[in-house]
Amino acid sequence: GIHLSPQEFHREVEQYLSQASQGQSDTILLDCRNFYESKIGHFQGCLAPDIRKFSYFPSYVDENLELFKDKRVLMYCTGGIRCERGSAYLRSKAVCREVYQLKGGIHKYLEEFPDGFYRGKLFVFDDRYAICSNEDIISACKYCGTLWDQYKLCSSQHCRQLVLTCPSCCRKGLTACCPVCQEKELQVNSRASGQTLKEECECTRRRPRVPIEHVSQRTLGVGED
């Protein structure tokens, strides 16, 4: 894709949001990260595919080619690396008018615009799970719905899913990613050490590998303050 500096990308997003609020936009602002990354932070008005792995992104594009037909696409990811591959694949389908990507990704954008159009936390792949550039919390505790954006690993021994559970719910023992894992943890704790169950996590079983967009464009928070 055509690389845009943070300043250029900022101007493009500003124009996109202005047009989208009037229903006149021919642009898609595409988050090509995984669902758990975009859940806690994203650009206003973005389309965020509900995919679990970036390796599913090509299949997502293939299943949703009509969505991108004759559109201008503004693509972004954490550091710009995934956009190199994602934009190249999207261009190879020859359906978009233009494909742009944020050079340096969200990291570089936040250096220039810490209080810009990106709201919430930036997911990182280390023990922190997220870093902050603004005070917005855009996600919620899985159990009680209170605003919360600090991930923990599911407490079930077999599972590696991330879960958003607030301190109050943690104190109540609600520390697993889904009811299957919550029940499994209780069973494991009552068994001898080292015995674990192997049933598939409910989160994995219910989430489609490649979601299909049934509308012309699904966005997150167009026109939000």
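Colleague: Which residues does F68 touch, not counting those up to four places away in sequence?

Modeller: F68 touches I28, L30, Y60, V61, V73, L90, V95 and C96. A contact here means heavy atoms within 4.5 Å. Bear in mind that this is a predicted model: local features need pLDDT of at least 70, side-chain atom pairs count only at pLDDT 80 or more, and totals for chains, interfaces and linings use all residues. Numbering runs from 1 along each chain as its sequence is written, and side-chain values use heavy atoms, with hydrogens and water left out.

Colleague: What makes a set of residues a nonpolar core, and how many residues does the largest one have?

Modeller: The members must be buried Ala, Val, Leu, Ile, Met, Phe, Trp, Tyr or Cys residues joined through side-chain atoms within 4.5 Å. Buried means under 20% relative accessible area, exposed means over 50%, and partly exposed is in between (1.4 Å probe, protein chains only). The largest core here has 21 residues, and L30, F57, F68, M75 and L90 have the most contacts inside it. At least two residues each come from β2 (27-31), α3 (57-63), α4 (65-68), β4 (72-76) and α5 (81-92). The biggest contribution is from α3, with 3 residues. Apart from that core lies another, of 20 residues, including C46, L102, Y109 and F117. In soluble globular proteins, nonpolar side chains tend to be buried together.

Colleague: How do you decide what counts as a helix or a strand, and how many of each are in the chain?

Modeller: They are DSSP runs numbered from the N terminus: H or I over at least four residues for helices, E over at least two for strands. The chain has 9 helices and 10 strands.

Colleague: Why do you say that the buried residues of α5 line one face of the helix?

Modeller: Those residues are R82, C83, G86, S87 and L90. The arc is taken from the directions from the helix axis to the C-beta atoms. Down the axis of α5 the buried residues fall within 115°, so they line one face. On the other side, I81, R85, R91 and S92 are exposed. The cover over the buried residues of α5 includes α2, α3, α4, β4 and β5 (98-102).

Colleague: What about α6 (residues 105-112), which of its residues are buried?

Modeller: In α6 they are G105, I106, Y109 and L110. Their arc is only 140° around the axis, which puts them on the same side of α6. They pack against α1 (6-20), β3 (41-43), β4, β5, β6 (118-120) and β7.

Colleague: Why is A94 called exposed, and what is its phi?

Modeller: A94 has a relative accessible area of 66%, which is over the 50% cut-off, so exposed is the word. A94 sits in the loop between α5 and β5, and its phi is near 55°, positive in a residue other than glycine. Most residues other than glycine have a negative phi. Y129 has a positive phi too, near 70°, and is found in the loop between β7 and β8 (130-131). At 18% relative accessibility, under the 20% limit, Y129 counts as buried.

Colleague: What makes Y36 and F123 an edge-to-face pair?

Modeller: Rings of Phe, Tyr and Trp (its six-membered ring) pair if their centres lie within 6.5 Å; planes under 30 degrees apart are stacked, over 60 edge-to-face and the rest tilted. By this rule there are 12 aromatic pairs. For Y36 and F123 the centres are 5.2 Å apart and the planes 65°, so the pair is edge-to-face. Y36 lies in helix α2 (residues 35-40) and F123 in strand β7 (residues 122-123), 87 residues apart.

Colleague: Why is C144 in no disulfide?

Modeller: A disulfide is a pair of cysteine sulfur atoms within 2.5 Å. The structure holds 0 disulfides. C144 is partly exposed at 45% relative accessibility, while C178 is buried at 1%.
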